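Hi,

Here is the structure I promised to pass on to you. Have a look at it first, and my notes on what turned up follow below.

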Amino acid sequence: MVKKLKVKPLSWLERILFLDFIKGLSVTIKHAFSKTITTHYPYEKLTPPKRFRGFFAHKVVDGNEPQPAYDEWVERFKIEVIPGRSRCVVCMLCKRACPVPQLFQIEGKKLENGKRVVSVFNMNLMLCTFCGFCVDACPVDCLYQTDIHETASFTRKDAILDLELLEKIGRDWQSRREEEPDRLWSDDVERNKLWYENNLKLKKSEKKGRHEW
Amino acid sequence: MESVALNLAVAFVKILVILGIVLGVGAYLTWVERKVAAHIQRRPGPMVVGWHGLLQPLADGLKLITKEDLFPRYGNRFLYNLAIVLALVPATLVFAVIPFGPEFEVFGYKIKPILTDVNVALLLVFGLGSLAVYAVALAGWASNSKYPLIGSMRKAGIIISYEVAITFAVMGPIILAGTLSTYQIVVNQIEQKLWYVWIQPVAFVVYMFSLLAETGRVPFDIQEAEAELVTGFTVEYGGMKFGIFPLVEWYIEVLSLSAIAVVLFFGGWSPLNIPFLGFVDPLFFLGPLSPFVWFLLKVTALFLFILWLHWTLPRYRIDQITEMAWKIMLPLALANIVFTAVIAPLIWK
């Protein structure tokens, strides 16, 4: 059925006096003389939220591992736990979860004392879509995504993250942001400040039953 | 013999000054346009090259000049290059008949700040304006590509429609002034103590619409509708050859037609007007420079207004554009001529 709206076409007087033009022009002139809302990128940079999906990293062993999952996986795979190194237990679940599994190259090695440790962990970000499935899959909270979003490089080789780099990024991020509480965008005060001119007010979501939709 | 040499020298100096001003200002208007557009969209626009991007036009020019010169296969190279000349020359020639200020004396010689004060100046302006369609049509045809051809056909259709409307629109001021000379029109406005826009608002509106249509400004930029035609008739041009077309169309032509509008409707170099009573000059302290500043101010204001319109309005459809030209603008202009002819004896006195 066609829905009838109570909107009239412009009257002749409105057309002759160009009222619609004037309405539009008044909007643009208002914007032309108000403050710009852009960030001057190479000189000013925004801090992404904590849960931003940027470059990948490995959290290192620092005593904050999720327990009892971590100990269980360590026991199952007989992993050598080295403080300050990656928490990876070579379970390959990240590779299994990945939509493009060939971007992971993961190998473990056996030490002389019979225990195992991760030796190779390469991620080819040329293939990555930053979907974060691998992060969800990681059972020991090792692989995760950081706030580093400037991923451009001059060679293809630079797009590959190896184990050392992942650990380095991980240590850096843990020192900077791990203490920060996880925030949702809607109650991120810092983030909202950028939009103060808009007086952005998010609606409070009402809880609806499934049947109401 | 001496006077001929002197006249030549004066004309030469005038040409140099006018060309320098027009092309230099034309290049810098790209920066103005980008700034205005950016601030309307709440961006700062060019900021990096120089203070607030003031050196941006130079950087753009350098980039355009050093670009590879591509030529479409099976295109017509002669017409392809001729189109550029045909676009640039008529547009700049219009400035030959634009009076920048009143007559003044240097070392005992009277100099009019207008290159040639011919008595059919307005005819010349619209003749040269119509020539612009050749540049567009040739550019579209010689490129041997479908987007340029469609774009140039649309532009040709628009120009032909609006040439008629604009010619009838300027008829009103011509009747009131009784002359076609641009210099004389301004002098007559000052003598009659009347900007013609006060009694020719309809002609002014029709003129503005035709101005926007002829220069391909929004809301009539259908010949280069980005979403449909990429950039219209300039698609196959590259480097500075590409740069010249927007420079001519969007800046030099708009500038020349705004100057003509100021001459016809806003009394050229005269200060603020109270109809039939006289002129008020808030810039009296500038002395003999005041008329030139007034002319500059009026043209700038009109140009900024056109930019403002450009970055506000959406575009019309091609059939709406031509329909408006023939069904609304032309009858309005004709009615305006009748109205003007009736009241003209009151103005002439």
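Let me start with two helices of chain B: the axes of α4(B), residues 121-142, and α5(B) come within 8 Å and cross at roughly 175°. An angle over 145 degrees counts as roughly antiparallel, and α4(B) and α5(B) are therefore roughly antiparallel to each other. The contact between α4(B) and α5(B) involves 16 nonpolar, five polar and two charged residues. Please keep in mind throughout that this is a predicted model.

Helix α5(B) comes up again with α11(B). The buried residues of α11(B) pack against α5 (146-177) and α7 (201-214) of chain B. Which residues of α11(B) are buried? They are I321(B), A325(B), M329(B), A333(B), N336(B) and T340(B). As you will know, an α-helix has 3.6 residues a turn, so residues three or four places apart point the same way. Helix α11(B) spans residues 318-348 and bends by about 40° at V342(B), with a proline, P345(B), following within four residues.

- V197(B) sits in the loop between α6 (182-192) and α7 of chain B. With 21 other C-beta atoms within 10 Å, V197(B) is buried. Not counting residues up to four places away in sequence, V197(B) touches F204(B), F265(B) and F266(B). V197(B) and V262(B) are 65 residues apart in sequence, yet their C-alpha atoms are 9.4 Å apart in space.
- Y28(B) belongs to helix α1 of chain B, residues 2-40. Y28(B) has 15 other C-beta atoms within 10 Å and is therefore partly exposed. From Y28(B) to L54(B) there are 26 residues in sequence and 8.6 Å in space, C-alpha to C-alpha.
- H52(B) lies in the loop between α1 and α2 (56-65) of chain B. Phi of H52(B) is near 50°, a positive value in a residue other than glycine. H52(B) is partly exposed because 14 other C-beta atoms lie within 10 Å.

Now to chain A, whose secondary structure comes to seven helices and five strands. From the N terminus on, the elements of chain A run α-α-β-α-α-β-β-α-β-β-α-α. Chain A has 213 residues, and buried ones make up 14% of them. Of the contacts in chain A with a separation of 6 or more, 72% are between residues 24 or more positions apart.

Seven bridges join β2(A) to β3(A), residues 116-124, and in β3(A) the bridge partner of K110(A) is R116(A). The hairpin of β2(A) and β3(A) has five residues between the strands, and G114(A) takes a positive phi near 90° there.

Q67(A) and P68(A) are joined by a cis peptide bond, with omega about 5°; P68(A) is in the loop between β1 (56-58) and α3 (69-77) of chain A. D141(A), which is not a glycine, has a positive phi of about 55°. D141(A) is found in the loop between α5 (133-137) and β4 of chain A, and counts as partly exposed because it has 14 C-beta neighbours inside 10 Å.

L143(A) lies in strand β4 of chain A, residues 143-145. Is L143(A) buried or exposed? L143(A) is buried, with 25 other C-beta atoms within 10 Å. Leaving aside neighbours within four places in sequence, the contacts of L143(A) are F56(A), H58(A), C94(A), C134(A), V135(A) and C138(A).

Finally, the two chains meet: 10 residues of chain B are in contact with 11 residues of chain A. On the chain B side, these residues divide into six nonpolar, two polar and two charged.

Best wishes

Conventions: Residues numbered from 1 in each chain as written. Chains lettered and ligands numbered in written order. Predicted model: local features only at pLDDT ≥ 70, side-chain atom pairs only at ≥ 80, totals over all residues. Contact = placed C-beta atoms within 7 Å. Nonpolar A, V, L, I, M, F, W, Y, C, P; charged D, E, K, R; others polar. Buried ≥ 20, exposed ≤ 12 C-beta atoms within 10 Å, placed from the backbone. Bend = angle between axes of the 7 residues up to and from the residue. Pairing = 2+ DSSP bridges. Axes fitted to C-alpha atoms, helices over the stretch in contact; angles between N-to-C directions. Parallel < 35°, antiparallel > 145°, perpendicular 65-115°, else oblique.
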